[in-house]
Amino acid sequence: MARGDGIGPEISDAVVTVLEAAGAGIDPVELPMGEAEYLAGHASGIAPDTWERLRRHRVLLKAPLTTPQGGGYKSLNVTLRKRLGLFANVRPCTSYAPVLAGPPKMDVVVIRENEEDTYAGIEHRQTDEVMQCLKLITRPGCERIARYAFDWARANGRRRISCLTKDNIMKMTDGLFRKVFVEVAREYPEIETEHLIVDIGTARVATRPERFDVILAPNLYGDIISDVAAEVAGSIGLAPSANIGPSLAMFEAVHGSAPDIAGQDLANPSGLLLSAVMMLVHLGRNAVAERIHNAWLRTLEDGVHTADIAGASTRLRVGTQAFAREVAARLGEVPQRLSPVSYPEREPLDLAAITARPAEAGVCRKTLVGVDVFMHWDLGERDPELLARVLKQAADGLLDLQVITNRGVKVWPNGLPETFRTDHWRCRFVARPDRPVIDNVDVVLLLGRLQQRGLDFVKCEQLYDFDGVPGYSQAQGQ
Ligand code: NAI
């Protein structure tokens, strides 16, 4: 257990009170992480030997951690998920109407890919004006999260999975996520599927949450959708999450360390408590998980609420520790108006099988057909004709200059004067018709010639065909 920062220690105490009262048989070992570790000089918020202890224990219940402001500190939350291979993030978002304000029927589980996408954290400043962030989506990454979502849905009696991407714009990265979703879905004919573009999909989560069952999304969209869903359900303070990997798992509330109310016995411990319930199910202690969850529902139903959820149905407004004692006092009881939960014993998901399956795509014939050279260029009033002239001279007899784009939009040949131009140019060179077979020596020669002319190339990206299919996007307007 990591007791966390801000409200972390108080909600951790509250959760331990309930676990002990329920006879969960948990003997938590405290692992130091977060603010104190950052300030002790560990830039990632955790000491090297703690990683080893964590890997031995294999299951972490983590209270929220504060990432100190300022340069150099990396979010430990993201580091933990990625270093420990916790590829699946499961966030149930349930409404509790009529006991709490919220939609009458909402029971959505967001399954978010947890390691890839723009969260790879690979960012560069390339020119005076331009920053870039790499979005990485891999076939094995898509396969394991899609398979996890279907296995999870099947094991939990869910009927429908909605996949949300933006593949109309990101045809290759989000396109792969959707394609693999469709491929994997064929193995689960009993589960209904749909795909929605993420913008309208998220809007519908906000307005018609009852139409969703399980939502599957890449990392960034999943992060946003799950916060929207948690807030729509009633309060982000109630939402739990599980981060699952082949050998380790981490359970945490969706909310942060809430420094504004820390140390005042005001915080709602429910998000962490429900995360502990998910942990107990993961550990196969379903009966005790069920007892705690139902006692918690009964507590809400009896009108015993912390300040953040207090409203019309509140009969007793309590602090963090008193709330935990009220839940403990109701162990063995079930809710009367809200639906009780049940966690029947079942085989755990075979995570090794989910993650070990080989990618369906076989080895392709990969052919180099050209190169995109990205230039930092700020001369001649940024006239693309001028840049094209210099580039064509440099590439003469080696490769053909095909197109120049600025922020992805074609500016040469036949660009429009209205197109805004920054100091960052993507210059696409392709193999000449009379010399169609090229290799990286040609790329290196080209770069050498650009260097000789004093042209500042900031990166190059080879263009490959895979079994004859272009593995690169076309320029907008091309
Ligand atoms: P936050 O979730 O901590 O707080 C947002 C608002 O919700 C605040 O008004 C807070 O008082 C309230 N709130 C949050 N949890 C509550 C609870 N259990 N009971 C009652 N009220 C609650 O988000 P914020 O302010 O953006 O972040 C604060 C710190 O938390 C930052 O250092 C951030 O990096 C960290 N953080 C950590 C996370 C984690 O450990 N998984 C996740 C999100 C943020």
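Which residues in α9 meet which residues in α10? The first legend answers this for a predicted model.

**Close-up 1. Helices α9 and α10.**
Helix α9 covers residues 270-282, and helix α10 covers residues 286-301. Their axes come within 8 Å. The crossing angle is roughly 155 degrees. Angles over 145 degrees count as roughly antiparallel, so α9 is roughly antiparallel to α10. The crossing of α9 past α10 is left-handed. On the α9 side, the contact uses S270, L273, L274, V277, L280 and V281. They meet N286, V288, A289, I292, H293 and W296 in α10. By class, the residues in this contact of α9 with α10 are nine nonpolar and three polar, with no charged residue.

**Close-up 2. Helices α5 and α6.**
Helix α5 spans residues 139-155, and helix α6 spans residues 173-185. The two axes come within 9 Å and cross at roughly 45 degrees. α5 and α6 are therefore oblique to each other. α5 passes α6 in a crossing that is right-handed. From α5, the contact takes R139, C142, E143, I145, A146, R147 and F150. From α6, the contact takes L176, F177, K179, V180, F181, E183, V184 and A185. The residues in this contact of α5 with α6 comprise 10 nonpolar and five charged, with no polar residue.

**Close-up 3. Helices α1 and α11.**
Helix α1 runs over residues 8-21, and helix α11 over residues 320-329. Their axes lie 9 Å apart, and the packing angle is about 15 degrees. An angle under 35 degrees counts as roughly parallel, so α1 is roughly parallel to α11. The crossing of α1 past α11 is right-handed. α1 contributes E10, I11, D13, A14, T17, V18 and A21. α11 contributes T320, Q321, A324, V327 and A328. The contact of α1 with α11 has seven nonpolar residues, three polar and two charged.

How many residues surround the ligand? The number is 19. The closest are L65, G256, A258, D260 and N268. A258 also supplies a polar backbone atom, 2.7 Å from an oxygen atom of the ligand. S257 places a backbone N or O atom 2.9 Å from an oxygen atom of the ligand.

**Close-up 4. The cis peptide bond at P98.**
The peptide bond from A97 to P98 is cis. Its omega is near 5 degrees. P98 sits in the loop between β2 and β3. Strand β2 covers 88-94, and strand β3 covers 107-113.

**Close-up 5. The cis peptide bond at P413.**
Is the peptide bond from W412 to P413 cis or trans? The bond is cis, with omega near -5 degrees. P413 belongs to the loop between β15 and β16. Strand β15 covers 409-412, and strand β16 covers 424-430.

**Close-up 6. The backbone at D117.**
D117 is not a glycine, yet has a positive phi. The phi value is about 70 degrees. D117 is located in the loop between β3 and β4. Strand β4 covers 123-125.

Technical notes:
Residues numbered from 1 in each chain as written. Predicted model: local features only at pLDDT ≥ 70, side-chain atom pairs only at ≥ 80, totals over all residues. Heavy atoms only, no water. Axes fitted to C-alpha atoms, helices over the stretch in contact; angles between N-to-C directions. Helix = DSSP H or I, 4+ residues; strand = E, 2+ residues; numbered from the N terminus. Parallel < 35°, antiparallel > 145°, perpendicular 65-115°, else oblique. Left-handed = near helix turned anticlockwise from the far one by under 90°. Contact = heavy atoms within 4.5 Å. Nonpolar A, V, L, I, M, F, W, Y, C, P; charged D, E, K, R; others polar. Near = heavy atom within 4 Å. Polar contact = N/O pair within 3.5 Å; in protein donor to acceptor, adjacent residues only side chain to side chain.
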